[in-house]
Amino acid sequence: MLLEINNVNMYYGAFHALRGISFSLAERESLAVIGPNGAGKTTLFKAMTGESIPSSGSVTFLGEDVTRIPGYERTRKGMARTFQVAKVFEDLEVVTNIVVAVESRRRGLGQRSGGFFRLAPPPDTLEEARALAAELGLSDVLRTRAKILSYGDKKRLELAMALALRPKILMLDEPTAGMAPADRIATVSLIERLRRENSLAIIITEHDMNTVFKLAHRILVMNFGEVVALGTVDEVRSNPLVREIYLGKEAEIA
Amino acid sequence: MTATRTTIGAVLVLVLVALASVPFWASGGVLFLFGLFLINGLFALSWHLLFGYTGLASFGHAGFFAIGAYLVGAGLRFDFPVPYLVLLLAASAFGAMCAYMFGQIALGRLSGIFLAVLTVAFSEIVRKIISYTPGLGGEDGLSNIRRPVLEFGILAVDVSSSRGFFLFMLVAVGLATGGIWWLVHSRYGRAFACIRDNPERAEFLGISLKSYRLLSFVISGGTAAFAGGLFAPWTQIVTLDEIHWLMSLQPILNTFLGGLGSFWGPYVGAAAFMLLSHLTRTWAGMAELLVGGSLLFVILLAPTGIIGGITWLLGRVKASREGSARPERPELVPSGAAAEPRQDEKRYATRVGSP
């Protein structure tokens with residue numbers, strides 16, 4: 001198994017935000033975590049990425065217990081993530097945003113990029129950054145400061161940065177939040193293509209059911225910090241409990 | 001190499017040549033001020049490395065400066081059997097070591113205003129230690145610090161004269177500045193910029209916030225101590241004023257005055273500040289008012305400092321020549337060094353607020 005979440009509990013003071021969550025993810029698999037607001041999706045995401053440490057339980061990645069390992073070390077081991085509101089380095093140019101990701105990956109692997117006294121990124125690093133930018137349709141804005149990118153471009157830049165890390169798993173926190181329907185469809189097919197081409201496993205949290213049904217192999221439904229259902233898209237779709245507590249409200253979409 | 005970079009390079013060479021000529025025409029008092037400019041500029045640069053490039057605020061930087069000044073001052077005053085260069089480098093290394101120890105404790109969980117407050121506490125501790133250490137002169141400080149003779153094997157360079165020591169400082173400050181220039185333009189600088197810009201994103205790109213913040217802190221502290229180690233033989237007196245909180249304010253003011261976010265800002269600010277204090281030296285009581293007033297003026301009207309103001313003006317001149325639209329006013333904080341508080345890697349830590 002690539003990622004195993006084992007009986008994870010999280011308390012915020014007396015509030016029990018995650019109640020014994022367990023599931024696992026195979027390589028190249030894609031899992032969507034859904035649930036109403038306040039169900040604990042974000043908290044679970046934080047426990048997986050290393051943003052916060054669960055009160056009990058364990059997170060295992062490639063057979064290694066990473067429960068207490070900080071985010072940057074998890075990233076080096078192959079766990080990449082994006083944020084709900086795209087986080088990029090606004091003051092840096094688009095190409096530099098990707099370059100720092102490539103440099104970080106190389107450093108994590110102990111690879112020297114260029115001579116010690118070198119100032120500019122070495123040609124192969126730049127080339128890799130340019131190729132990634134091209135793949136995500138950012139070639140025209142390479143020298144633009146990320147601050148003035150459109151929202152969709154920022155989201156794609158963030159994806160490019162995550163891919164520059166050559167991760168084994170990509171964790172996407174609401175990848176299509178705040179997007180227009182056309183952008184949303186394009187993003188979904190982009191993510192699906194990237195997953196296939198890079199043999200990635202993907203975990204997404206998402207509100208948009210169309211996105212979920214298109215991207216996910218399996219769906220994990222949460223409510224009040226618990227796993228309500230976990231199964232294939234069809235299983236979850238036909239689960240009466242899920243329909244009642246979650247999809248019931250959006251039955252026409254489902 | 002871009003056209004701007006070539007221009008900056010040419011200006012730098014001119015400035016260096018001009019500075020090297022100062023000891024040959026200036027009076028003792030003026031030369032003294034030029035020397036202080038070099039020291040204050042480097043001191044401000046060390047602070048700017050931390051704040052402008054890594055996004056960490058230190059309000060107690062005088063602590064590191066004083067460590068260097070007192071160590072070198074005591075070494076020269078009491079004739080330690082150590083060559084000055086070794087003394088200077090050892091003092092810098094000690095400053096860097098103190099920064100490392102402080103950073104190890106503080107940087108794991110703190111950044112922003114909490115860190116800034118802790119640095120004030122640090123400088124106060126250094127102050128107390130120095131004031132109670134016998135031999136360091138207590139409130140009177142160390143006076144009659146002699147200037148050294150530099151020994152390079154068989155070659156000895158006497159820099160005990162003002163002229164000689166000024167030229168020595170020019171070389172030393174130039175080398176230190178060159179080192180920091182390399183640092184902030186290298187891949188380390190890129191990692192610093194990431195952390196300043198968005199610590200959370202940096203962490204999830206696999207950049208260790210603590211390691212890089214610590215690196216920046218250590219180099220900054222070491223450089224501040226280095227500046228202090230030049231200060232002691234230059235002024236030939238070191239007192240507790242060098243660790244007063246006003247001294248910690250100095251690099252901050254110089255950086256803001258010169259231009260936050262531009263590499264040469266601290267030096268431009270230090271020069272402007274030196275000029276202002278010199279011009280107002282006879283206005284007893286009015287000097288502080290004028291200095292404070294001009295700072296207010298710069299911060300309100302040219303928030304990017306002198307360099308930002310000049311860049312903006314040049315842009316306007318160019319735009320009016322080409323008949324195009326007026327350039328945008330400079331942003332308040334160009335480097336994003338002091339963006340709005342946001343969640344840091346630890347849930348309880350926040351970044352520094354707007355200046």
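Which residues lie nearest the centre of the second largest pocket? I looked there before anything else.

**Ground rules.** I am working with a predicted model, where local features need pLDDT of at least 70, side-chain atom pairs count only at pLDDT 80 or more, and totals for chains, interfaces and linings use all residues. Residues are numbered from 1 along each chain as its sequence is written, chains are lettered from A and ligands numbered from 1 in the order written, and side-chain values use heavy atoms, with hydrogens and water left out.

**Entry 1, the pocket.** I find B:Asn40, B:Met247, B:Gln250, B:Phe273 and B:Ser277 nearest the centre, out of 18 lining residues. Two or more residues each come from helix 2 (28-54), helix 10 (245-258), helix 11 (265-279) and helix 12 (286-301) of chain B. Helix 10 of chain B gives the most, 5 residues. (Helices are DSSP runs of H or I, at least four residues; strands are runs of E, at least two; both are numbered from the N terminus.)

Helix 5 of chain A is largely enclosed by the rest of the structure, because 12 of its 14 residues are buried (under 20% relative accessible area, 1.4 Å probe, protein chains only). Among them I note A:Asp153, A:Lys154, A:Lys155 and A:Glu158.

I checked what follows helix 5 of chain A: A:Arg166, with a positive phi near 45°.

Terms used:
On a 1 Å grid over the protein atoms alone, a cavity is a set of points where a 1.4 Å probe fits but cannot get out, and a pocket is an open set with protein on both sides within 12 Å along at least five of seven lines; lining residues have an atom within 4 Å of a point. Buried means under 20% relative accessible area, exposed over 50%, partly exposed in between (1.4 Å probe, protein chains only).
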